[in-house]
Amino acid sequence: MSTPYPFTAIVGQDDLRLALLLNAVSPRVGGVLVRGEKGTAKSTAVRALAALAPEVAVVAGCRFSCDPASPDPGCPDGPHETGPGVVRPARTVELPVGASEDRLVGALDIERALAEGVKAFEPGLLADAHRGILYVDEVNLLHDHLVDVLLDAAAMGASYVEREGVSVRHAARFLLVGTMNPEEGELRPQLLDRFGLTVEVTASREPDQRVEVVRRRLAYDDDPAAFADRWNDEESALRARIAAARALLPEVRLGDGALRQIAATCAAFEVDGMRADIVMARTATALAAWAGRADVLAEDVRQAALLALPHRRRRNPFDAPGLDEDRLDETLEEFAGSGGPDAAGASGAPDESREPGEPDQPDQPGDSGDSGDDDEPDPGGGGQPLPDGPEGPEGSSPGGTPAGPEGDEEGGPSGGGGEQRAVGAGEPFRAKTLSVPGIGEGAAGRRSRSRSEHGRTTGARRPRGALTKLHLAATVRAAAPYQRARGRTGAGLVVRRDDLRQAVREGRESNLVLFVVDASGSMAARQRMSAVKGAVLSLLLDAYQRRDKVGLVTFRGRDAEVALPPTSSVDAAAARLGLLPTGGRTPLAAGLLRAHDVLRVERMRDPSRRPLLVVVTDGRATGGPDPVGLASRAARLHAAEGTAAIVVDCESGPVRLGLAGALAGELRGAAVTLGELRADAIAGLVKDVRTAGTGSAPGPGRGSGSAPGPGRGSASAPGSGSGSRTARRAA
């Protein structure tokens, strides 16, 4: 077994270490969510904490780690006799991102239960983690239903497995620690709320601290055992302090004054629900025990608020977690002096005694811990720079699209030449649902139809491999004709393995939503870009709620660029969108070809995730020889590969050219205006983007291939002889 990195050897990261230690003192605090960039000792600190956890006594041979002093009466391996048991170190169990639900909660063998009448249960990771630490790296990448199961077990202290009327329950009390990199996507607010504490970690910018991190890491890599030996005294002292704080915890008094400060703080910051108040109370009590005190002071309440409230204040996915410390201090001072010793220390100064007794180290906030098994820090620290657009007026290039009646090309009165400053996004709105046609088999989500392990039952089939979801009625129907031949005499049904049927279920999947945004000079007219950014931001919010991956391709000037490669972080996409400037020509073909390259790579990486292409443009194409023909050929390339597509028409004004509708026809997709994206719009609801079929070549207009114009004819079905079906609209 490898020697873990010593907890006390981690440089800085005071809030991270404190949050972990408070949970070690009082697991009822509710776990820790560690948010931060790559290479900031997140994994190292969690694994190092396991070495400090006290040893546990367990019933010999019990797969569920029952305490011999008070065994679980409902233990599947019970009943147990009380006795001394055996002593072992507390376990640290890691939950892989790709784990299945059966691996997490345990597997119940339905085949044996039906055919043999045996309740055969194989414990999962929740059982292994009982009375230990459950560590989930990249918790934001877990499927939502697994996170729900995990947090339910942590809250109830027990795990329940139900399969077709067969039920198993076992105790599951553990210290839950999750780590995540926000760049890879956020957790939903309701899941964030289930973690007791949260900590933001960043790498230090102090050279001295970074030098110390590297020095200690190199020494550990050269000889882990020798390095750990040098920190034995500090580790022993910290272990003893944890044990003393645990013993003191039941005696800590949480007075009315401290309770009033906790309630006032949660109310002042408009935190939803009551979980925050309860977590703050438990955290403040643990802080007092950690400091060796029997009373909770205002400084404990302040520190508890800094750990328990930031992640509970988010109102939408693009809000950054945080807390106004000045307002926090004002609230604590306003409600100080409510009586009792707990009101002391109302100044809100942090508790100096909370440090775990490590040797002298640099003490700057936000410093870097040892990188451990995490990835190296990203030297780039951001996305690719936006290319500069060409200087000078654009006008109409040979064979290109005319500037149109609005005069909004670069040579027109409202365009100007060169790059223009980025404008802010308009007010986001609730967007209509866009989905990919057909039934996929991608990752669980909330957008398009898919075959999955969760959802409504649509049929039955013979199992391929192990049976996971039994279709009881189909199994009974398969076994019923053979009961007499099998010698059935009693009331029970004689079931053989060949009779078992797997339930086929249909749920929802997440998709890759790739935005291709026109940032040329024509988009700068009449505050059009502000409205466009507001619409894209609304679609990003919708993608966040539906658990999609998103990507962003922009085109302007002479080329297109991938502003954001496909990612689960819609926050990053919103940030890149906000910085997007406008100006230059309209290389529509370059944007479509760059999007094609992105989708080609993503199909190789994740072939089960179906893409949805969202092109945001007014349909103009300028620059270079035959820009319209090039754009048409690029669009047909997407159509030939069956990519579901929708064109958001940004053209405005009383006279419209209908170019976006023609582009939608080439893509065999739907065209909608910015106004039609609103869920409360009177216009038809765009539900499915249809790409299947081999109908006649699409015409230049919207829907049925009619001539371009302000109207939008209804789409015809593919292969019907009247054009390609581009969308289904419902009033």
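**Figure 1. Packing of helix α16 against helix α17.** Helix α16 (residues 528-545) and helix α17 (residues 570-578) pack at an angle of about 175°, and their axes lie 10 Å apart. Axes are lines fitted to C-alpha atoms, for helices over the stretch in contact, and angles run from 0 to 180 degrees between N-to-C directions. The angle makes α16 roughly antiparallel to α17; angles under 35 degrees count as roughly parallel, over 145 as roughly antiparallel, 65 to 115 as roughly perpendicular and the rest as oblique. From α16, the contact is made by Lys533, Val536, Leu537, Leu540 and Tyr544, and from α17 by Val570, Ala573, Ala574, Leu577 and Gly578. Contact means heavy atoms within 4.5 Å. The residues of this contact divide into eight nonpolar, one polar and one charged. Here Ala, Val, Leu, Ile, Met, Phe, Trp, Tyr, Cys and Pro count as nonpolar, Asp, Glu, Lys and Arg as charged, and the others, Gly among them, as polar.

The model shown is predicted: local features need pLDDT of at least 70, and side-chain atom pairs count only at pLDDT 80 or more, whereas totals for chains, interfaces and linings use all residues. Residues are numbered from 1 along each chain as its sequence is written, and side-chain values use heavy atoms, with hydrogens and water left out.

**Figure 2. The whole protein, as context for the close-up views.** The protein has 20 helices and 24 strands. Helices (H or I, at least four residues) and strands (E, at least two) are DSSP runs, numbered from the N terminus. Of its 731 residues, 52% count as buried. Buried means under 20% relative accessible area, exposed over 50%, and partly exposed in between (1.4 Å probe, protein chains only). Among the contacts in the protein with a separation of 6 or more, 79% are accounted for by residues 24 or more positions apart.

**Figure 3. Leu541 of helix α16 and Arg430.** Leu541 is found in helix α16. Leu541 is buried, with a relative accessible area of 16%. Leu541 and Arg430 are 111 residues apart in sequence, and their C-alpha atoms are 8.3 Å apart in space.

**Figure 4. The buried face of helix α15.** In helix α15 (residues 472-479), the buried residues are Ala474, Thr475, Ala478 and Ala479. Seen down the axis of α15, these buried residues fall within an arc of 130°, so they line one face of the helix. The arc is that of the directions from the helix axis to the C-beta atoms. An α-helix has 3.6 residues a turn, so residues three or four places apart point the same way. Strand β14 (456-461) is included in what covers the buried residues of α15.

Figure 5. His130 has its place in the loop between α5 (125-128) and β7 (133-137). With 4% relative accessibility, His130 counts as buried. The side chain of His130 reaches the backbone nitrogen of Arg173 at 3.0 Å. Leaving aside neighbours within four places in sequence, His130 is in contact with Phe64, Ser65, Arg88, Ala171, Ala172 and Arg173. Ser65, one of these residues, is found in the loop between β2 (56-58) and β3 (86-88). Ser65 counts as buried at 2% relative accessibility. Its phi is near 55°, a positive value in a residue other than glycine. Most residues other than glycine have a negative phi.

Figure 6. Asp626 lies in the loop between β20 (611-617) and α19. Phi of Asp626 is near 50°, a positive value in a residue other than glycine. Asp626 is partly exposed, with a relative accessible area of 38%. Thr643 is found in the loop between α19 (627-640) and β21 (644-649). At 2% relative accessibility, Thr643 counts as buried. The side chain of Thr643 makes a polar contact with the side chain of Arg603 at 2.8 Å. A polar contact is a pair of N or O atoms within 3.5 Å; within protein, one must be able to donate a hydrogen and the other to accept it, and residues adjacent in sequence count only if both atoms are side-chain atoms.

**Figure 7. Arg103 of helix α3 and Glu122.** Arg103 is found in helix α3 (residues 101-105). Arg103 counts as partly exposed at 41% relative accessibility. Arg103 and Glu122 are 19 residues apart in sequence and 9.1 Å apart in space, C-alpha to C-alpha. Not counting residues up to four places away in sequence, Arg103 touches Pro123, Gly124 and Leu125.
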